[in-house]
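Dear colleague,

Please find below the structure that I am handing over to you, together with its sequence. My notes on it follow directly after.

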Amino acid sequence: MLRLAFIVCLLSLTFSSTNTLRASHILGGTLGYRFEGETSDGKLEYSIVLITYTDCAPSSEIPFPENPLWVGVYARNQYSPLGERAFLDSIRVDLLDSVKYTPSTPPGCSIADQSCIYEGRYEGRILLDPNLEDVWFYYERCCRNVGVVNIHPNQSQGFIAYMRNTSYKNSSPSFLFPPLPFVCINDSTPGFHQSSDSDGDFLSYSISKPISGFGSQVNTTPNLPNPYLPLLIPETLYGQGFSYQQPFGNSGNYQIGLTTGIAQYYMQVPGPYVFALEVREYNNIGELVGITQRDLQNFGLPCPLNDAPFLQNSIPNPILLSQGDTTCFILEFADKENDSILFDDLFSAGFENDLGIGTPFLDTVFTKDTTLQVRICFERDCSLLMDSGQVFLSIKDEGCPPKDAVFQFNVLVDSLELPIISGPDTLCKGNGEVSYNLSPEMDSLLKVRWEVEGNTFDTSMGGYAIVDWGQGDSGWVAAHFTSLNGCGLGSDTLFVRIIDIPELTIHATDTPCAGDTIPIFIGGDITSPFNTYGVGRLFPDSNNWYGTFAQSGYQYLSRLEKGLCPPSDSVWVEVLKLPLGTFVDSTRGCLGDTVAFTLLTEANFVWLAPYPMYQDSTNYLFSTTLDSTLHLEVLLTDSNGCRQNVVQSFSPADPVEFTGFDSTEVCLNEEVTLGGITNANTITWTPPDYLSDPNSAQPIYGGQESMSYTVEATDSLGCISEIEVYVEVKELPVMLDLLVIDSVSCFGFEQYLFLEGGGDSLEVYLEEQDSAFYSGYGGLVLLPKFEEFGKIQVVGHAASLCRDTLLVEVPVKSYDEAIGLHIPNVFTPNQDGINDVFQIGLDEIVKPCSELRVFNRWGNLIHFDHSGACNWAGDTSQGKKAPAGTYFFELRYGTQVKTGTILLVR
């Protein structure tokens with residue numbers, strides 16, 4: 001099997017070149033540590049583990065592992081600003097074992113026949129102080145093989161391992177399988193780097209940078225760095241087109257599974273290649289606790305074409321498994337080239353112990369010609385915890401070279417969360433039955449068995465149990481969980497503490513009447529403060545206790561102390577009811593009425609107030625005049641001797657309430673609502689004159705004279721109340737005369753109004769307008785302009801604040817209606833005193849609002865008069881005499897226009 005053949009050195013092989021490659025001897029290795037224990041003086045003992053791979057071919061300079069070797073130990077240097085690791089010690093590691101490996105190939109397959117490798121295993125011991133931080137282990141040797149394809153020649157090789165701190169007591173993971181001896185070019189090949197960790201830490205795999213260190217061809221065994229290990233150790237230098245992420249160049253590929261450690265290699269150019277990987281350890285809270293590196297050299301060879309075996313059938317993936325289950329599947333493999341197929345290996349990742357109980361196992365392996373049948377079983381023993389992981393099955397053929405095929409299966413194991421018991425863990429003795437539950441609710445894949453120690457176990461049903469602790473002592477209750485297959489998965493136990501209750505008693509010595517005070521006996525442990533509560537009020541008097549009770553019920557006694565079970569006691573106190581008496585058939589009268597009261601009771605009684613008391617032969621009757629509130633009191637005594645005073649008060653009926661029944665003033669001819677709000681049943685206004693409804697609490701008054709009314713109100717008992725309401729009527733203002741002066745001036749101009757108000761103030765408004773244009777006491781009032789006619793509103797205000805309104809219409813006449821208009825049509829301005837002027841006959845009061853224009857027959861204005869004279873003497877506007885002929889005139893007065901012709905004769 002290729003994977004078990006470890007690393008092969010092929011430096012003795014030749015290719016198309018005529019030169020034989022010269023070899024050194026270093027092919028890789030790894031460095032780690034293992035915690036061994038603690039010494040009596042508090043030191044921590046560790047083993048340093050170094051594994052080297054040495055070229056043992058004939059061309060190797062050093063074919064066998066050297067012995068001994070030295071490893072440096074370093075820790076954080078808190079005084080160094082750059083963070084160098086301070087040198088602690090150099091540890092000698094001795095060769096414990098060496099194994100020679102050669103490739104395993106079928107008969108007749110001569111690939112890599114002349115190659116071999118020695119694996120050397122070295123160990124040494126060191127004592128470290130506890131609580132060291134950032135501890136590093138370092139080893140270096142020169143030189144790597146010459147002729148390596150991807151790195152510069154003659155480089156040294158360094159190994160490192162990291163420990164976060166010594167207090168964690170960590171051990172490095174160990175690689176389970178050696179690396180591949182060679183890979184075929186132009187073919188993808190798996191590489192196995194799985195590790196096991198004794199601490200159960202989580203392992204993470206990644207590609208890393210190979211270390212070169214400080215050695216050279218002239219310094220092949222360099223001294224260990226001292227006093228400091230630099231923070232940055234020189235790394236291996238790669239050639240053009242190569243890097244640590246792409247150690248096989250741009251045409252190749254190198255990948256590794258983050259959690260599986262299974263790598264994939266692919267290269268196209270033959271030859272040796274250097275690459276590295278890193279394993280990081282994380283504890284259960286996700287902290288990085290250690291680092292281990294693996295430095296390797298691998299060889300790419302041209303190989304005949306050979307396909308890997310393949311799986312002909314399938315099984316469920318992932319595989320679901322329960323605790324205690326055993327599940328088996330048959331896998332059938334075949335090979336494309338019909339090579340014989342062999343079972344190679346079965347290994348896993350993520351289980352408690354690899355290849356042991358609880359991991360998958362092979363039941364049978366059956367080979368028939370070129371096929372292989374494998375029966376694989378997955379089992380979870382009851383002794384193991386729940387877990388999940390990955391299973392890898394390796395199959396190889398017997399081709400040249402043999403070809404591996406790795407198949408991965410995910411196994412998911414039911415991870416059942418075990419519930420815990422919830423319920424009281426501290427109880428008072430005699431508490432009785434208590435229920436215990438499981439939280440969270442029990443999974444359907446679990447079964448539970450309840451157990452109780454030292455107490456009666458009444459019943460249990462699945463997720464709960466009922467326990468009667470009775471008067472027993474402290475004990476425990478447990479729930480034992482198993483899987484459906486009967487695997488014991490664990491238990492939860494709850495210890496229950498039973499607390500004794502100290503004695504404390506209370507006792508009533510008598511049966512009291514309600515409100516009476518009787519002796520109360522309190523006994524037991526009363527050394528600590530205690531509290532009483534319930535139907536009564538307890539108080540001490542000297543060395544005795546007394547209680548006052550109003551009604552029957554329990555009286556409780558408890559001690560005031562910290563803890564879950566303070567002592568307590570209670571007593572039922574029977575309290576006798578007090579005798580009853582009531583005043584019945586009583587009459588509530590009006591003030592000054594005579595009223596009577598009757599006492600109804602079965603008890604003996606004595607009148608206490610008022611005194612004396614009058615009674616007839618059958619009833620206990622008291623009568624009096626109700627002048628004010630009356631208080632009655634009688635002492636009742638029943639056959640048990642219980643006594644009670646019965647007190648009752650009687651008051652006259654409340655008087656009727658009047659709200660808003662006030663006297664008021666009203667203007668003549670104005671209506672007003674009288675009265676207001678009252679609680680009377682009936683109401684009457686006297687006299688009823690001028691009222692809309694004399695039996696209404698708010699009648700409307702509409703009279704012409706002042707009136708005085710008496711309002712009589714009756715309540716529900718017939719009690720009568722009265723109130724007086726006076727209504728005073730105010731006179732309207734006097735407006736003696738309103739005179740419109742009918743002398744018309746110009747049309748649309750002002751007119752005058754003569755007003756006389758008899759001493760009362762007046763206001764004048766245009767109709768439908770809010771603002772007065774006149775306010776005073778009368779006289780001549782200038783009116784606004786009207787086009788045809790207008791209306792004004794005159795409002796008078798009397799001294800009583802009453803108002804009166806008068807609407808007056810003001811007529812407006814046109815000019816033609818106001819005056820006779822005379823217009824001549826010819827005149828002779830020859831200065832003979834006869835008809836020398838063209839004169840329009842207008843009234844004198846109209847002239848000021850008139851304008852005269854004269855035009856010649858071409859429409860030119862030759863005369864304009866706006867003085868109101870309304871005449872023309874025959875002159876032009878330039879002062880010249882106008883020639884004889886026909887002229888046109890235009891007369892404007894107000895808003896009217898008159899036109900005509902004038903004949904001027906000279």
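The model is predicted, so to speak of local features requires pLDDT of at least 70 and side-chain atom pairs count only at pLDDT 80 or more, while totals for chains, interfaces and linings use all residues. Residues are numbered from 1 along each chain as its sequence is written, and side-chain values use heavy atoms, with hydrogens and water left out.

Strand β20 (residues 326-334) pairs with strand β18 (residues 310-311) in the antiparallel sense over two bridges; strands are DSSP runs of E with at least two residues, numbered from the N terminus, and two of them pair if DSSP finds at least two bridges between them. In this pairing, L311 stands opposite F333 of β20. β20 also pairs with strand β23 (residues 371-379), again antiparallel, over nine bridges, and there A334 faces T371 of β23.

The structure holds 30 aromatic pairs (rings of Phe, Tyr and Trp, the last by its six-membered ring, with centres within 6.5 Å; planes under 30 degrees apart are stacked, over 60 edge-to-face, the rest tilted). One of them is the tilted pair of Y139 and F159, at 5.9 Å centre to centre and 50 degrees between the planes. This pair links distant parts of the chain, with Y139 in strand β6 (residues 133-141) and F159 in strand β7 (residues 157-165), 20 residues apart. Both Y139 and F159 are buried (under 20% relative accessible area; exposed is over 50% and partly exposed in between, with a 1.4 Å probe and protein chains only).

F242 and Y273 form another tilted pair, at 6.4 Å and 55 degrees. Because F242 lies in the loop between β13 (228-229) and β14 (253-256) and Y273 in strand β16 (residues 271-282), the pair ties together parts 31 residues apart in sequence. F242 is partly exposed at 23% relative accessibility, whereas Y273 is buried at 1%.

The charged end of R85 sits over W136, 4.2 Å from the ring centre, and R294 lies over the face of F175 at 4.4 Å.

Finally, Y556 lies in strand β39 (residues 553-559) and is partly exposed, at 32% relative accessible area.

Yours sincerely

Notes: Helix = DSSP H or I, 4+ residues; strand = E, 2+ residues; numbered from the N terminus. Lys NZ or Arg CZ within 6 Å of the ring centre and 35° of its normal.
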